[in-house]
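Please keep the structure open while reading.

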Amino acid sequence: MAARMLLGSLVLAVCASQAETEESAPAVVALTDANWEAFVGRGEDLPWIVKFYAPWCGHCKHLAPTWEQLAQKLEGKVRVGKLDATESPWTSDKFGVSGFPTLKMIAAGKSYTYNGPRRIDDMEAWALGGFSSQQPGLLPQDRAFHDRALTATITFIEVYAMYILPVMLVGTIALMCWATEPSAEA
């Protein structure tokens with residue numbers, strides 16, 4: 001009986017300390033193609049600063065601890081997120097991400113790109129209002145249809161080409177072989 005009480009107390013203590021850790025350390029929100037709209041949307045409630053990264057990118061790895069610190073400094077003022085562009089290519093392509101890391105601010109239905117130094121104080125000042133001195137860009141959903149269609153087509157080809165091209169190649173070869181067989185009548 002005493003062992004059960006001790007075990008129960010230990011479990012409660014671990015759960016309580018874990019809950020305190022989760023509440024006291026704001027996390028960078030992991031974003032994906034699937035949850036982008038639910039979390040970020042148009043950045044109307046709170047602005048979002050998002051790091052588009054690739055896991056193999058050395059600059060991205062170097063920025064990771066600074067990004068965590070930035071999330072702590074901006075808590076309650078600006079939401080901080082990260083999106084693995086290799087796992088979520090649709091969103092990164094819609095935002096025109098071509099290099100890593102790319103830092104974007106989504107605020108009040110507009111998009112801004114950070115091109116300054118990767119020092120925490122500079123990024124914090126930019127996220128807290130420095131971005132407003134830039135010319136804003138349109139969010140992907142606000143762009144003209146032909147721009148969105150072209151981007152979606154390019155992304156589709158980039159994502160699925162390695163699966164589609166071999167099938168097309170085999171189909172073309174089969175069609176060529178079938179079409180060049182001599183007919184039985186000749």
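Helices (H or I, at least four residues) and strands (E, at least two) are DSSP runs, numbered from the N terminus. The model is predicted, so local features need pLDDT of at least 70 and side-chain atom pairs count only at pLDDT 80 or more, while totals for chains, interfaces and linings use all residues. Residues are numbered from 1 along each chain as its sequence is written, and side-chain values use heavy atoms, with hydrogens and water left out.

**Fold**
- The protein chain has six helices and six strands.
- Along the sequence, their order is α-β-α-β-α-β-α-β-β-α-β-α.
- Among contacts (heavy atoms within 4.5 Å) between residues at least 6 apart in sequence, 73% join residues at least 24 apart.

**Surface**
- Of the 186 residues in the protein chain, 32% count as buried, that is, under 20% relative accessible area with a 1.4 Å probe, protein chains only.
- Carbon and sulfur atoms hold 63% of the accessible surface, which comes to about 12000 Å² (Shrake-Rupley method, 1.4 Å probe).

**Largest pocket**
- A pocket is an open set of points on a 1 Å grid over the protein atoms alone, where a 1.4 Å probe fits, with protein on both sides within 12 Å along at least five of seven lines; lining residues have an atom within 4 Å of a point.
- The largest pocket has a volume of about 230 Å³, taken as the space filled by probe spheres set on the points, which are joined across faces, edges and corners.
- Its lining has 14 residues, and Asp93, Lys94, Thr151, Ala152 and Thr155 are the closest to the pocket centre.
- Helix 4 (89-94) and helix 6 (145-180) each supply at least two lining residues; helix 6 gives the most, with seven.

Key: Buried < 20%, exposed > 50% of the residue type's maximum accessible area, 1.4 Å probe, protein only.
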